[in-house]
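My entries follow in the order in which I checked things.

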Amino acid sequence: MRELKVVGLEPDAKHIVCTDKESGDKFRIAADDRLRAALRGDLARFGQIEIEMDAALRPREIQARIRAGASVEQVAAQSGMPASRVERFAYPVLLERSRAAQLAQKGHPVRGDGPMVNTLEEVVGAAFRGRGHNLEQAEWDAWKHEDGYWVVQLEWQVGRTSIAAHWRFQPDGHGGSLTALDEAATDLVDPDFGRQLRGLTPVPTHRPEKVTEQHTLDEYYDEVPDEPVHNPKQAPTHPNPKDRRGKPAMPSWEDVLLGVRSSGH
């Protein structure tokens, strides 16, 4: 093993310059935590740093995981790296994902009869209003699938339930197209999504008016008051042909025409 001699620092002060006494070749050593722990003789700290360096992910690996949909917290927990260090490399990729989600909202959903004229943002907004949801409280996200296409997610809360819809986004010069990947995404682009469910009637918000009871014909005639019975007038009886003074009564014209005698015979 050759012995090196420290001759100074590089201008950035991140490396120590050493030289070989025999050949005069120069070397440099990174002035990192491992070197400092070794100079102090702190073997425990030196071993811990070795473990952390072996478990650490390269920047490209961090960005690949973030682009695939992982969060900064997930990558930090899986790798054992500080979240602040992961976030430093993840920030550009997070911007890329946010941009893809914005572009997808301007794309056109594809149904069985072809692409829709309205954009995904317009269709989903109409569906949310029809169901009483607030689109501003929902969250958009996007990540790169292992097959190379973008997956767009819309997540919202209904009560205590979290619902997520996913589409496959294919960018193009006309805004891009989106294909539903699950039932929630299919329902959102369904034209009947915002309509009232069939077979249900809305509950009246006002008190119904009192309905007049309908009577049957029999009840109607039972309630009609009985008309007073009019006894037919009896034919006037002919008085005794002799009046109270004993004189014969004067016959009427009817008796004369019929040939009836005034005496009644």
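**Strand pairing and helix packing**

I began with strand β1 (residues 4-9), which pairs with β2 in the antiparallel sense over five bridges; strands here are DSSP runs of E of at least two residues, helices are runs of H or I of at least four, both numbered from the N terminus, and two strands pair if DSSP finds at least two bridges between them. I noted that the model is predicted, that local features need pLDDT of at least 70 and side-chain atom pairs count only at pLDDT 80 or more, while totals for chains, interfaces and linings use all residues. Residues are numbered from 1 along each chain as its sequence is written, and side-chain values use heavy atoms, with hydrogens and water left out.

Opposite Asp20 of β2 I found Leu4, and in the hairpin of these two strands, with five residues between them, Ala13 takes a positive phi near 60°.

I then asked how many residues of β2 are buried. Six of the six in β2 (residues 15-20) are buried, meaning under 20% relative accessible area, with exposed set at over 50% and partly exposed in between (1.4 Å probe, protein chains only). His15, Val17 and Thr19 point one way from β2, whereas Ile16, Cys18 and Asp20 point the other way. In a regular strand the side chains alternate between the two faces of the sheet.

On to β3 (residues 26-30), which runs antiparallel to β2 and is joined to it by five bridges; Phe27 in β3 is the bridge partner of Cys18. This pair also forms a hairpin with five residues between the strands, and Gly24 in the turn has a positive phi of about 80°.

Next I traced an open sheet of six strands with mixed pairing, in the order β5-β4-β9-β8-β7-β6. Its edge strands, β5 (114-115) and β6 (139-144), each pair on one side only. Within it, β8 (residues 161-170) and β9 (residues 177-180) run antiparallel and are joined by four bridges, with Thr179 of β9 as the bridge partner of Arg168.

Last, I looked at helices α3 (residues 59-67) and α4 (residues 72-79), whose axes come within 10 Å and cross at roughly 130°; axes are lines fitted to C-alpha atoms, for helices over the stretch in contact, and angles run from 0 to 180 degrees between N-to-C directions. Ile62, Arg65 and Ile66 of α3 and Val72, Val75 and Gln78 of α4 make the contact, which means heavy atoms within 4.5 Å.
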